Amino acid sequence: MNASSCRVGVDIGGTFTDIALEHNGVMHSTKVLTDYTKPERAILKGVNEVVAAAGLTLGDIDQLIHGTTLATNALIERRGARTAFITTEGFRDTLEMRTENRFEQYDINISLPPPLIEREHRYTLHERLDVNGQVLIAPSRTEIDELVERIAAGDYESVAIGFIHSYVNGAHEEQLRDVLQARLPQVSISISSEVSPQMREFERFNTVCANAYVKPLIKSYLDRLVVTLEEAGGRCPVFMIHSGGGIISVQSAAEFPVRLVESGPAGGAIFAADVARKYGLNNVVSFDMGGTTAKICLIENKVPKTAKTFEVARTYRFKKGSGMPISIPVVEMVEIGAGGGSIASIDSMRQIRVGPHSAGSEPGPACYNRGGEQPTITDANLLLGRLDPDNFAGGSLLLSVENSSAAMLQVVGSPLGLDANTAAYGVCEVVDENMANAGRVHAVESGKDIGDFTMITFGGGGPLHAARLCEKMGVSRFIVPAGAGVGSAIGFLRAPFGYEAVRSSFTRLSAFDANAVNDLIDDMTSEAMGFLRQGMPEGEPELECTAFMRYVGQGWEIPVDMPFKAFVDTDVADFKTRFEAAYTVFFGRPIEGPDIEVVSWSVKASSPLPPVDEVVQINASYRAEPITYRQVFDVVSGGYVKAGIYERETLQVGARVDGPAIIAERETSTFVSSSFVATVQPDGCLLVIKR
């Protein structure tokens, strides 16, 4: 994309909708409250604001790239379509039985999350394939017709189809889909062999059900968005960010909306990776704190860590295993309910708890003066002096200290015998410790020491909490990029066009068949390229191949990078070497003796990333003078201290800001505690280093 083009990134979050416009190398951004009823209205409002600031019109926009939490929220809140699920006879209750894993093994009253599709809406068909995709029982046309009539009588908007072993052979799913479409053309249909052709039926069934559940909702929203923009004068194509961090067409997104789950956080990881490329940083932890959740992602060698499965809608304190598994490629991150709108409370043991429930934008935190009565993290930050009540969101939203104090005192302070400010300190400490624990565990699970990483922080709340998180995690430096408050939206503008195809195809190295593997890779490449060419500019794509491998007898596999080429049978030795090297990184040493098997394959096609202007880190050349002072609570000092207040846009390159200080900007504020010093870098980033 040439430098003179006008591109807009839009990120709908649970509280704010972030807009970033880039034109002639200049960035314009804004935040508007998310409109839950019609999200496209908030988009149009925000886009009009940034277009006006840039001196342009909607007709000047060349490309709009969009990420949204709508699919995620629909799954969490169970606000999807009336959906039926059809599976192989005998497997009707797989969604409810889950797996043998207990996410809280010592809880005798454990309550499993309810299945997305209730039992009365789950149907079966007498058919069966074996593990190699060979037909054991062919479905009869008579039974198919009878089943289709039952679906028609159920008045469903959407149907999910998932048969046993269909990831190897989707013929039976396709046969049923064709009959359903002919009889019920108005019904949306999703089949697992297209949505998620991966082994493990519980995860695959959940994924196709989730896709079918949100498909009518997302298609309706995307259609309204395109029409709304056109009616307002915008004629640009609309693209979507998927959870793996690539750009796909709006048509592809409407067909596979489950790929939009986690699309917003993926944009944030791309934003951090772009900064890492500029600064030549190989070990980065990105910290994105918005209005509803906080996300932490490891970025190694300037590339966000990815996975082929993840969970949404966790029901048990955001504990792994308590949510809905989704088997699609995703930027791997840990996410906890700790955003600016997360609600603070007291549990039965008189301990402070924060989240996962959020005040969102309606009614919002108590300080918003929009009817909220519950104390939130934003209320706590206001009471601790980290936010300016008269200059929040550029002055567009006046905050009420009185409301925050009253809510904090009633819910947290009075039950614990604390004043409002001490209660606010407790709330922030709890949430900071929760996020620090999440970051440490995420790093350990990847075999890393998080103390060796540089933090890149963004989102409306990230820069406010980054200093305390670094103190808790032993991280000595963090970077606050320019435009950090709308980091995910900017990340959309840095994302490549890309698509990742993942398929399960079981093979042991002792019986490796190069021709079969090459046929599979060719098929996956065609699939990925088909999605890529729907929007990618001319040019040669970058292709990556990954094998997911394990020792025979193990229950899970690890990703192993492979060369993208035509394999031959003698490549088995190279496969073994690569697997043992990857296994050693994860677990310390390889195992002698057992055979090795490949469970799944991944082919990723993406447009090349444009070159970045490398930044040479500089030291401070002058000490900046604050525009005023304010009493701010500083944990290191143990109380309220006189902190300098700085306007970020007035700080010149080389400016030094000693903590305690607040560096304010329109979409966020950076809190520099007394143990840190900030320096403005040549690209406008704040480099904050521990003294």
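Author: S196 is buried, because its relative accessibility is 1%. Buried means under 20% relative accessible area, exposed means over 50%, and partly exposed lies in between (1.4 Å probe, protein chains only). S196 sits in the loop between helix 6 (192–195) and helix 7. Helices (H or I, at least four residues) and strands (E, at least two) are DSSP runs, numbered from the N terminus. The side chain of S196 reaches the backbone oxygen of S327 at 2.8 Å. That is a polar contact: a pair of N or O atoms within 3.5 Å, where, within protein, one must be able to donate a hydrogen and the other to accept it, and residues adjacent in sequence count only if both atoms are side-chain atoms. Setting aside neighbours within four places in sequence, S196 is in contact with R204, T207 and S327. Contact means heavy atoms within 4.5 Å.

A word on the basis. This is a predicted model, in which local features need pLDDT of at least 70 and side-chain atom pairs count only at pLDDT 80 or more, while totals for chains, interfaces and linings use all residues. Residues are numbered from 1 along each chain as its sequence is written, and side-chain values use heavy atoms, with hydrogens and water left out.

Now helix 7 itself. K215 lies in helix 7 (residues 201–232). K215 forms a salt bridge with E255, with the closest N and O atoms 3.0 Å apart. The pair links distant parts of the chain, since E255 belongs to helix 8 (residues 250–255), 40 residues apart. A salt bridge is a side-chain nitrogen of Lys or Arg within 4 Å of a carboxyl oxygen of Asp or Glu. K215 is buried at 7% relative accessibility. E255 is partly exposed at 36%.

By this rule there are 35 salt bridges. One network links R200, K308, R508, R550, E557 and E597. Another bridge joins the side chains of R122 and D93, at 3.0 Å from N to O. R122 is in strand 6 (residues 122–125) and D93 in the loop between strand 5 (83–88) and helix 3 (94–97), so this pair ties together parts 29 residues apart in sequence. R122 is buried, at 2% relative accessible area. D93 is partly exposed, at 24%. R41 and D35 also meet through their side chains, at 2.9 Å from N to O. Here R41 is partly exposed at 45%, whereas D35 is buried at 16%.

Six strands form an open sheet in the order 3-2-1-4-11-12, with mixed pairing. Strand 3 (26–33) and strand 12 (247–249) stand at the edges with a single partner strand each, so one side of each has no neighbour in the sheet. Two strands pair if DSSP finds at least two bridges between them. Neighbouring strands here are turned by 25° against each other on average, direction ignored. Axes are lines fitted to C-alpha atoms, for helices over the stretch in contact, and angles run from 0 to 180 degrees between N-to-C directions. Strand 4 (residues 63–68) and strand 11 (residues 238–241) pair in the parallel sense over three bridges. I65 stands opposite F239 in strand 11. Helix 14 (residues 487–494) packs on this sheet, and its direction makes about 135° with that of strand 1 (6–12).

Strand 26 (residues 542–551) has another setting. Seven of its 10 residues are buried, so strand 26 is largely enclosed by the rest of the structure. Strand 26 runs antiparallel to strand 28 (residues 596–606), joined by 10 bridges. F548 has S600 as its bridge partner in strand 28. Strand 26 also pairs with strand 27 (residues 558–562), in the antiparallel sense, over five bridges. There, M549 has I558 as its bridge partner. Strands 26 and 27 form a hairpin with six residues between them, and G553 in the turn has a positive phi of about 100°.

Last, some backbone details. D155 is not a glycine, yet its phi is positive, about 55°. D155 lies in the loop between helix 4 (141–153) and strand 9 (158–162). D155 is exposed, at 60% relative accessible area. N301 also has a positive phi, near 55°. N301 is in the loop between strand 14 (294–300) and strand 15 (303–304), and counts as exposed at 56%. The peptide bond from G659 to P660 is cis, with omega near 5°.
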